[in-house]
Amino acid sequence: MGSIFPKDFLWGAATSSHQIEGGNTNNWSKWEKETAEERAKNIPNWYAFPEHLLTEAKDPLRRISGMASDSLHRWKDDIKAMKEMGLNSYRFSIEWSRIFTQKGLVNEEGLAYYRNLIKELKENGIEPMVTCWHWTIPIWADEEEGGFLSKKIDIHFREYIRVVAENFAKEVKYWMVLNEPDSIASKSFLLGDWPPCKKNIFSAAYFYYFRMVEWHKIGYEEIKRVNPQAQVGVAKPNVYIEPYNNHIWNVGIAKLGHFLFGELYLKRILKYLDYIGLNYYFHMKVGIRGERNDNDRVSDFGWWMRPDSIFNVLVHLKQFNLPIYITEDGLADSKDQYRKWWLDETFEAMRKALRAGVDLRGYMHWSLVDNFEWAEGFWPKFGLVEIDPETFDRKIRKSGYHYRDLINQER
Ligand code: BGC
């Protein structure tokens, strides 16, 4: 029987600049150093990592991005691994602080890094998908321009996208202006866990529903100005929210959740959207008494694993009548014990979604390589490819080869 996946389906993996490149100086790298000790001491009890990761989790130095996965120097090895797994696409992000190390001055060296990467990817038949902003900002933008809550920064954001678009938008077809505006809004402005560590529900809502809408539009305009044929989307972390039981309150809460966090932002940017990028990690069961979990299969991160439920999210997104690319999907699994199962379940869910008429066009697994996982540092292992922390050598995990085999079956 033939495959239900379209012939030109994008099979890929995803990363972000701050998490893999190394050698970055931005608001995050500054915050990491200031807070590493404290974060290494206060390990939340919901993590479910195996014993062997405890030493790494408790080491403040492993909470600082430093050389990350050293992709700044080993990007050719990354491409080699992609080839070996048979990938035909790669999602990565451009680092604002690498392009504008200083305010108002374009850093040619930074541009050259991405130019070489894009060229090499294309020469190897790998379609680049570029994210413009995956959460970090230059220190000067943070300290002199008021940070990302301030409107003063918009002019610099536009300038950054203009430079990126003028350099790359003719050769790169797929763009995401923003990665997960939801996560940064909640972690940075509601929970106060990430820089700038504010806890204010009004700032969070303002940031999410206004600032992040504005930035998306700025990016869309600048990219389309250079290349009207470019496809511009957003990487949106939608979650399937299941009511705990059919109690009218629980059903109401789930509906409200889908509307506020799954739909509203997309509705606000709909006129400036060529496709939806879905980042999928969670399935939730909610009820009047809060969130419930009735499945004990959790990742090292402590996240409840329901890979099959991506089907529900895909079907929910069908209402927007736009092409959908899965721009992230994966798990922290240091022993590589669940990733194969996760991939099998996800492939089945994608097949089901295609049969249900979802216009699904690509799948990027998170992540290509083990990388720097924000506040947690290096202990969560999301990679299809394992990184040796001393030598930075790359080794494809068994599940990485399994992904290759699954892709081959569908080709
Ligand atoms: C983010 C990634 C992150 C991943 C796993 C996504 O929300 O875009 O940067 O590493 O989740 O936590």
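**Entry 1: the second largest pocket**

I started with helix H2 (residues 27–41), which gives the most to the lining of the second largest pocket, with four residues. Before going on, I noted that this is a predicted model. The space in that second largest pocket comes to about 340 Å³. I counted 16 lining residues for the second largest pocket, and Arg39, Asn42, Pro44, Asp193 and Ala375 are the closest to its centre. Sorted by class, the lining of the second largest pocket has seven nonpolar, three polar and six charged residues.

**Entry 2: the largest pocket**

Next I went to the largest pocket and asked how much space lies in it. The figure I got for the largest pocket is about 1,500 Å³. Its lining is made up of 48 residues, and the closest to the centre of the largest pocket are Ser183, Ser186, Val239, Phe282 and Met284. I then looked up elements that supply this lining. Helix H9 (181–189), helix H10 (201–226), helix H11 (248–269) and strand S8 (283–287) each bring at least two residues to the lining of the largest pocket. By class, I wrote down 27 nonpolar, 13 polar and eight charged residues for the lining of the largest pocket.

**Entry 3: the ligand**

Where does the ligand sit? I found the ligand in the largest pocket. I listed 13 residues around the ligand, and the closest of them are Gln19, His134, Glu180, Glu328 and Glu373. The shell around the ligand splits into six nonpolar, four polar and three charged residues.

Then I checked distances to oxygen atoms of the ligand. For Glu373, an N or O atom in the side chain lies 2.6 Å from an oxygen atom of the ligand. For Glu328, the distance from a side-chain N or O atom to an oxygen atom of the ligand is 2.9 Å. Asn179 also turned up, with a polar side-chain atom 2.9 Å from an oxygen atom of the ligand. How much of the ligand's accessible area does the protein cover? The ligand has 310 Å² of accessible area on its own, and the protein covers 94% of it.

**Entry 4: the cavities**

A search of the whole structure gave me two cavities of 30 Å³ or more.

The largest cavity holds about 70 Å³ of space. I found 14 residues lining the largest cavity, with Ile20, Tyr90, Phe92, Tyr113 and Leu117 nearest its centre. Helix H1 (17–20), helix H4 (71–84), strand S2 (89–93) and helix H6 (108–123) each supply at least two residues of the lining of the largest cavity. By class, the lining of the largest cavity has seven nonpolar, five polar and two charged residues.

The second largest cavity has a volume of about 40 Å³. I noted down its lining: Tyr281, Ser299, Trp303, Trp304, Met305, Gly330, Leu331, Ala332 and Trp342. How many charged residues are in the lining of the second largest cavity? I found no charged residues there, and the lining of the second largest cavity has seven nonpolar and two polar ones.

I ended with the backbone. I kept in mind that most residues other than glycine have a negative phi, and that most peptide bonds are trans.

Which residues does a cis peptide bond join, with omega of about 5 degrees? I found Pro195 and Pro196 joined by that cis peptide bond. I located Pro196 in the loop between H9 and H10, and both of these helices supply at least two residues to the lining of the largest pocket.

I also marked the peptide bond from Trp366 to Ser367 as cis, with omega near 10 degrees. Ser367 is in the loop between strand S11 (360–366) and strand S12 (385–387).

My last stop was Trp135, where phi is positive at about 85 degrees, although Trp135 is not a glycine. I placed Trp135 in the loop between strand S3 (127–133) and helix H7 (139–143).

Terms used:
Residues are numbered from 1 along each chain as its sequence is written. This is a predicted model: local features need pLDDT of at least 70, side-chain atom pairs count only at pLDDT 80 or more; totals for chains, interfaces and linings use all residues. Side-chain values use heavy atoms; hydrogens and water are left out. A residue is near a molecule or strand if one of its heavy atoms lies within 4 Å of it. A polar contact is a pair of N or O atoms within 3.5 Å; within protein, one must be able to donate a hydrogen and the other to accept it, and residues adjacent in sequence count only if both atoms are side-chain atoms. Accessible areas come from the Shrake-Rupley method with a 1.4 Å probe; for residues, only the protein chains shown count as cover. On a 1 Å grid over the protein atoms alone, a cavity is a set of points where a 1.4 Å probe fits but cannot get out, and a pocket is an open set with protein on both sides within 12 Å along at least five of seven lines; lining residues have an atom within 4 Å of a point. A molecule sits in a cavity or pocket if more than half of its atoms lie within 2 Å of its grid points. Ala, Val, Leu, Ile, Met, Phe, Trp, Tyr, Cys and Pro count as nonpolar, Asp, Glu, Lys and Arg as charged, and the others, Gly among them, as polar. Grid points are joined across faces, edges and corners, and a volume is the space filled by probe spheres set on the points.
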